[in-house]
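Here are some notes for a first look at this structure. Please read them with the model open beside you.

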Amino acid sequence: MVTYNIACIPGDGIGPEVIAEGRKVLDAVSEAEGFEVNWVDYNFGAERYLREGTLVSEEELKELSNFKAIYFGAVGDPRVRPGILERGIILKLRWYFDQYVNLRPVRLLNGVSSALRSKTPAHINFVCVRENTEDMYSGLGSSGVRSAKASMVMSRSKYQVKFDVDASMIGGDESFAYELGVITRLGAERVIKYAFNYAQNNGLRRVASVDKANVMTNIYSIWRDVFESTAKMYPQIQTEELYVDAAAMLFVREPERFQLVVLPNLFGDILTDLGAAIQGGMGLAPSANINPEGTSMFEPIHGSAPPLAGKKVANPIAAILAGGMMLDHLGRREAYNSVARAVERVLVDGRVRTPDLGGSSTTSEVGDAVVKELLSVV
């Protein structure tokens, strides 16, 4: 029997609750389809940070590099200043493992109503490929007060940037802050090529690119140039280039326009959350952080949702579907299909739903219902 070793990081808030249901479903489908999942748990998150002051050590990162997949819940806790857990855990994992693709399906499932009342599952069914390690999330930024001309040097792994700030030009003793966006040709090429290959391998015939090259000309002109040059290698695929404001409008007005959208990191972060809203809510939206040659990480996008933690009402479907995407990544496409079909049957039936979908079921009742549907047809 084939065994897949998977690292599991439940994290904070509702993370442990939804990941428990995802594991329940993945264990059921693995048993039904004749393979095994060996879970290896890691306790990264707020509790350990508050207790020990530890986020993720270098030794732990090296240990995680032995896994092809990480199953991740969420990080974030009101007891910890915003950014510490997010940058120190999730962004650190993405950077360390060079997970340069964030894959986000935007699909309205049968049995779910969209915020766009006139749209059906036939209208909302596309994939977003978001660059995941560069752009405004390159980690280059600072804040402070400068009363005289000062030089600042910022660095993160492959980047080092130095520039001068003349305080007399910004109001003397004034506070200021900045973040620097970086797009390299290599970074753009690899994710845009991944997007075109994904489209080609999955029978998609339209790829749209999003940028803001008309205003943020330096950073996004290179993105646009790489998209146009890469598109020439795939003449069978139709392409279009959209500014981010136009793309946001079209996500709402005409989602059926899209089959695959490739986006820089910042715009991808924002527009894929809009995508979650039109597909029925954050509790239904899975994601994958992919390094095609290394360690990849799979997670629901909803975050830790501290107000819901412990109330047993969090929707586990995004976590379950993220687990399904993980199985697909590991070469178990039929297992992923089985999970996705079971989820959709539960939603169509409608009797078991968490409060965000208008029901009164608990998190574990939804997981149990998906397992029941799964085992009834496998």
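1. Which handedness does the β-α-β unit of β1, helix α1 and β2 have? The unit is right-handed. Helix α1 covers residues 15-33. Keep in mind that this is a predicted model.

2. Look next at how β1 meets β2. Strand β1 spans residues 2-11. Its pairing with β2 is parallel and consists of seven bridges. N5 lies opposite N38 of β2. A7 has V40 of β2 as its bridge partner.

3. Now take in the whole sheet. Ten strands form an open sheet with mixed pairing. Across the sheet, the order reads β2-β1-β3-β14-β13-β4-β5-β12-β10-β11. The edges are β2, residues 35-41, and β11, residues 238-243. Each of these edge strands pairs on one side only. On average, neighbouring strands are turned by 25° against each other, with direction ignored.

4. Two helices that pack on the sheet deserve a look. Helix α5, residues 185-201, packs on the sheet. It touches β4 (101-107), β5 (125-131), β10 (206-211), β11, β12 (260-263) and β13 (286-290). The direction of α5 makes about 160° with that of β5.

5. Helix α8 is formed by residues 265-278 and also packs on the sheet. Its contacts are with β4, β5, β10 and β12. The angle between the directions of α8 and β5 is about 155°.

Technical notes:
Residues numbered from 1 in each chain as written. Predicted model: local features only at pLDDT ≥ 70, side-chain atom pairs only at ≥ 80, totals over all residues. Heavy atoms only, no water. Pairing = 2+ DSSP bridges. Helix = DSSP H or I, 4+ residues; strand = E, 2+ residues; numbered from the N terminus. Axes fitted to C-alpha atoms, helices over the stretch in contact; angles between N-to-C directions. Contact = heavy atoms within 4.5 Å. Right-handed = clockwise from strand over helix to strand, strands pointing away.
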